[in-house]
Amino acid sequence: MNNSLKSFGSLCLLGALLLFSCSDDDETLAPFTINFSAAEAGISSTSPETTITINFSRPSTLTGNISLSLQPGTLTYGETNDYYTSVAPVNNEITLPFSSGDQSVELTVFSGSAASLQEDKTLGITLMEDTGNTY
């Protein structure tokens, strides 16, 4: 009976090892999401620029780009106009590159020399839909 208990115990130990052993290859990454760090940012005469931060839910595993769409309304782009940005837009779209390991990207918006900071005007910035890449 003592041998059968040893055999049974060995079998249980082997079964437990097989059941609880797992491979690192089976690990799946959490979904990759991006969000603005704040819903609003402002420019004033005492603070003529603002930095827009876009945070990642986890460090990126690839190199890629984030695309933003600008809705300037009645504002005109340019240093001598109402506003300008650290990355120039093309057709009201801005592309911000990021590298593997990055956890955020930033865009700075500056007040142009013709901006009337006495008036409330809005520059809308939205994240454009991703094409389905996994980061």
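Predicted model: local features only at pLDDT ≥ 70, side-chain atom pairs only at ≥ 80, totals over all residues.
In soluble globular proteins, nonpolar side chains tend to be buried together.

Now centre on Leu107. Leaving aside neighbours within four places in sequence, Leu107 is in contact with Thr50, Thr51, Ile52, Leu68, Thr85, Ser86, Val87, Ile94, Leu96 and Ile125.

Move to Phe56, in strand S2 (residues 49-56). Phe56 counts as buried because its relative accessible area is 9%, under the 20% cut-off. Show what Phe56 touches, not counting residues up to four places away in sequence: Phe32, Thr33, Ile34, Ile66, Phe98, Asp102, Gln103, Ser104 and Val105. Then draw a distance from the C-alpha atom of Phe56 to that of Ser37; the two residues are 19 apart along the chain, and the separation is 9.7 Å.

Switch to a cartoon view for the sheet. Four strands form an open sheet, with antiparallel pairing, in the order S1-S2-S6-S4. At its edges are strand S1 (34-36) and strand S4 (83-85), each of which pairs on one side only. From one strand to the next, the twist averages 25°.

Finish with the pair S2 and S6, which are joined in the antiparallel sense over 7 bridges.

Note on methods:
Residues numbered from 1 in each chain as written. Heavy atoms only, no water. Helix = DSSP H or I, 4+ residues; strand = E, 2+ residues; numbered from the N terminus. Buried < 20%, exposed > 50% of the residue type's maximum accessible area, 1.4 Å probe, protein only. Contact = heavy atoms within 4.5 Å. Pairing = 2+ DSSP bridges. Axes fitted to C-alpha atoms, helices over the stretch in contact; angles between N-to-C directions.
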